[in-house]
Amino acid sequence: MIKISPMLKEVITQVFRRPATRKYPFVKPKVPEGFRGMHIFNSELCIGCGLCARDCPSGAIEMVNVGEKKRRPVFHLDLCIFCFQCAESCPRGAIKSSKVFELASKNKSALIINSPKNLE
Amino acid sequence: MCLSFNFIFRLLIFPGFTFIFLLSMLCDWIERKIKARMQNRMGPAYTGPAGILQPMADLIKLLAKEDIVPYTARTLLYKIAPLISFSMFMLTLLIIPIDGAEIIPGFSFEGDLILILSMMLIANFFLFFAGWSSNNPFSTIGSTRILTQIVGYDIPMFIFALTPAFLTGSLSISTIVNAQRIPFILLIPWAFILFVITLQAELEKDPFDIPHAETEIVAGYETEYTGRRLAFMKMSKDLQMLLGVALVVELFLGGAYGPAIVFGSSSLWNTLWFTLKVLFIIVLMEYLTCIFARLRIDQVVIFNWKTLLPLSLISLVASVLIKMVMVGG
């Protein structure tokens, strides 16, 4: 016995329903809690121990010397894999995650958080 | 021969070159929008209201790209093939009476339909030349598949297209259109359905998508084309679609005539009915495109020779019986 495919009717009824496309740049999606986006670094809490740079799996954190004896991390977002091991390793909780995920940029300097130029 | 302003206007602007060009873009937009909605997506939405300027935007984008001729391609054929196919499709469209009257005065003669069908075939053949002259494995495969498909569907398409001519007793398109008191779709519905299926094969739409199978052979015969020449190829394909659908409308749906309206210019009303019928047929063809998967090339050949050709002969016999009932009996 030949069965008629249910797709024949489904295709027609689908024309009259709203499409499933999400209109992305005009309608932003809601991100859940705990979403790992751009890093937020609190410079006052940082003690310069370098544990974040040591534990980063892709080597995206670089410790630079600022001032006499202070060291601060510089985050290179083009290397980062957003695992936030740095936030877990930080003994003072100076690194937090935000919900910002639109990080595409045309120049590389936008991808360096906390660059030495900003630290003066 | 006098080149009156009326003739130039009808030839170049309405319902001639410009109008056909814009109508083919409208058909392209409707095609993409309906196909997208059937597939639960949005379709073109941001260029112009509801995305209606999208085909124009695609064309303008292509005109701005670099034009590359491959080193090993046959240069002359590579450069001319899109232009010739575009011009032949456009010329064939100028023969079809879009608003009920012919565009080039004195052109329509008794063998009109055969001329249109042959020119469609030749222009399709130039798409084969376009792929063949590119000297690229993907293009070669795509072009030979076009030829294999042509071998299969060409004869049934001629037989189905000549069935209304048989019912009318004349091979001229204007006579066939004028003879449809009742549209032929009601008299010979089997020829209509089978002609639409054969048209799917000619326009390379699913299930006969194989010559430019996007997931298999990059773009088939269009692979090496960029920039302006790709724009011409795309425009040729749009015109081919409009030509096929216009043929269906003229032969089976009663052409440019609709319910009689007394006020206003009859030319504009006829064009409106023509456009509405064209859009209806396009929606039907997009429905067929969405529900079918792609056939392999050997399945296409088997389908054409084992199914379509016998069906075309049976349909011819049935039309002969209808004609006998209409005339005598």
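Colleague: What does Arg10(B) form a salt bridge with?

Modeller: Keep in mind this is a predicted model. Arg10(B) pairs with Asp99(B), and the closest N and O atoms are 3.3 Å apart.

Colleague: Which parts does that pair tie together?

Modeller: Arg10(B) sits in helix H1 (residues 5–12) of chain B, while Asp99(B) is in the loop between helix H4 (75–95) and helix H5 (112–132) of chain B, so the bridge ties together parts that are 89 residues apart in sequence.

Colleague: And are Arg10(B) and Asp99(B) buried or exposed?

Modeller: Both Arg10(B) and Asp99(B) are buried.

Colleague: OK, what about Glu286(B) and Lys205(B), how do their side chains meet?

Modeller: In a salt bridge, at 3.4 Å from N to O. That one links distant parts of the chain too: Glu286(B) is in helix H11 (residues 266–291) of chain B, and Lys205(B) is in the loop between helix H9 (189–202) and helix H10 (227–252) of chain B, 81 residues apart.

Colleague: Why do you count Glu286(B) as buried? And where does Lys205(B) stand on accessibility?

Modeller: Glu286(B) has a relative accessible area of 0%, and buried means under 20%, so Glu286(B) qualifies. Lys205(B) is at 9% relative accessibility, so Lys205(B) counts as buried as well.

Colleague: Switching to chain A: what does Glu10(A) form a salt bridge with?

Modeller: Arg17(A), with the closest N and O atoms 3.8 Å apart. Glu10(A) is partly exposed at 38% relative accessibility, and Arg17(A) is partly exposed too, at 43%.

Colleague: How many salt bridges over all chains, then?

Modeller: There are 12.

Colleague: What's going on with the peptide bond from Phe14(B) to Pro15(B)?

Modeller: That bond is cis, with omega near 0°. Pro15(B) lies in the loop between H1 and helix H2 (17–38) of chain B.

Colleague: On to cysteines. How many disulfides over all chains?

Modeller: The count comes to 0. Take Cys86(A): the nearest cysteine sulfur belongs to Cys83(A), 6.4 Å away, and a disulfide needs the sulfurs within 2.5 Å, so Cys86(A) is in no disulfide. Cys86(A) is buried, with a relative accessible area of 7%.

Colleague: How many cavities of 30 Å³ or more does the structure hold?

Modeller: It holds 3. The largest cavity has a volume of about 100 Å³.

Colleague: Which residues lining the largest cavity are closest to its centre?

Modeller: Of the 15 lining residues, His39(A), Cys56(A), Ile61(A), Cys80(A) and Cys86(A) are the closest to the centre. The elements giving two or more residues to that lining are strand S3 (70–76) and helix H3 (85–89) of chain A.

Colleague: Between S3 and H3 there's Phe82(A). What about its phi?

Modeller: Phe82(A) has a positive phi of about 60° although it is not a glycine, and its place is the loop between S3 and H3 of chain A.

Colleague: Last one: where is Ala94(A)?

Modeller: Ala94(A) is in the loop between H3 and strand S4 (95–97) of chain A, and is buried with a relative accessible area of 2%. Ala94(A) and Leu111(A) are 17 residues apart in sequence and 19 Å apart in space, C-alpha to C-alpha.

How values were computed. Residues are numbered from 1 along each chain as its sequence is written. Chains are lettered from A and ligands numbered from 1 in the order in which they are written. This is a predicted model: local features need pLDDT of at least 70, side-chain atom pairs count only at pLDDT 80 or more; totals for chains, interfaces and linings use all residues. Side-chain values use heavy atoms; hydrogens and water are left out. A salt bridge is a side-chain nitrogen of Lys or Arg within 4 Å of a carboxyl oxygen of Asp or Glu. Buried means under 20% relative accessible area, exposed over 50%, partly exposed in between (1.4 Å probe, protein chains only). Helices (H or I, at least four residues) and strands (E, at least two) are DSSP runs, numbered from the N terminus. On a 1 Å grid over the protein atoms alone, a cavity is a set of points where a 1.4 Å probe fits but cannot get out, and a pocket is an open set with protein on both sides within 12 Å along at least five of seven lines; lining residues have an atom within 4 Å of a point. Grid points are joined across faces, edges and corners, and a volume is the space filled by probe spheres set on the points.
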